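Work through the exercises below with the model open. Each task is followed by its solution.

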Amino acid sequence: MSKFNLSAIDSYSYEPLRKQVYKVLREAILTGELMIGEKITEMEIAEELSVSRTPVREAFRMLEQEELINIIPQQGVFIAGIETSKEIDDIFQVRAELEGLAAYLAARNIDEKQKELLQEYVIELEDCIEHNDHRGCIRVDVAFHRIIKEASDNKWLEKFLDTLFEQATRFRRSSFSRAGRMQEFLAEHQELGEAIISGDPDRARRCAEDHIKAAWNSISSVFEKEQS
């Protein structure tokens, strides 16, 4: 049985192996398959993906440049986490504003198929929370917010949010560790989904901003406790 739930390498792809390994690992980090602080090794990843250690080593260097992993001499390779409280504040300050705008636009532009998907993701999220499946929660959350970004119908807003969302996803496990956060998380998604589906732009903006600020406060409080 494999240790990590990684996507398979495409043996028919013309893309260099190092780039394929990099993409697989990057996706796993940003969707929470590989958690903050988790240790990974060249050998484990090479075996998991059925490749040699050389493209894995090269992929590690690429991920290190993006600050998604930390390579610590004599200790190993670890999934990168939160370094400072300012890093959290900088990301979430901007994200609260842009997620609010995305929700506002989504409530005005969303189509029937996207409405159905939002409802399905809320149900999936409830199931994940019931089974205390943190990785599943992160996967569903990514999909839920992707629908909102797409429904906003603004390609530049989508690009900016992609970058912010990727960074924020790395912090999600910290947020979930606070008592009661999981149920709050579900309620926020239910309210945001309802506001967008009902076509209420102003309410959708408020719900989105409140949701992001709640995550911000939760992550900040957990981070402060860890530091102290």
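**Exercise 1.** Find the volume and the lining of the second largest cavity.

*Solution.* Start with the space: the second largest cavity holds about 40 Å³. A cavity is a set of points, on a 1 Å grid over the protein atoms alone, where a 1.4 Å probe fits but cannot get out. Points are joined across faces, edges and corners, and the volume is the space filled by probe spheres set on them. Next, list the lining residues (an atom within 4 Å of a point). They are Arg95, Asp141, His145, Arg172, Phe185, His211, Ile212 and Ala215. Finally, count: the structure has two cavities of 30 Å³ or more.

This is a predicted model: local features need pLDDT of at least 70, side-chain atom pairs count only at pLDDT 80 or more, and totals for chains, interfaces and linings use all residues. Residues are numbered from 1 along each chain as its sequence is written, and side-chain values use heavy atoms, without hydrogens and water.

**Exercise 2.** Describe the interface of domain 1 and domain 2.

*Solution.* Then take the buried area (accessible area, 1.4 Å probe, lost on putting the two parts together, summed over both). It is about 1100 Å², with 54% on carbon and sulfur atoms. On the domain 1 side, Leu30, Met35 and Ile36 lose the most area, together 49% of what that side buries.

How values were computed: 1 Å grid on protein atoms, 1.4 Å probe; cavity = no way out; pocket = protein on both sides within 12 Å on 5 of 7 lines; lining within 4 Å.
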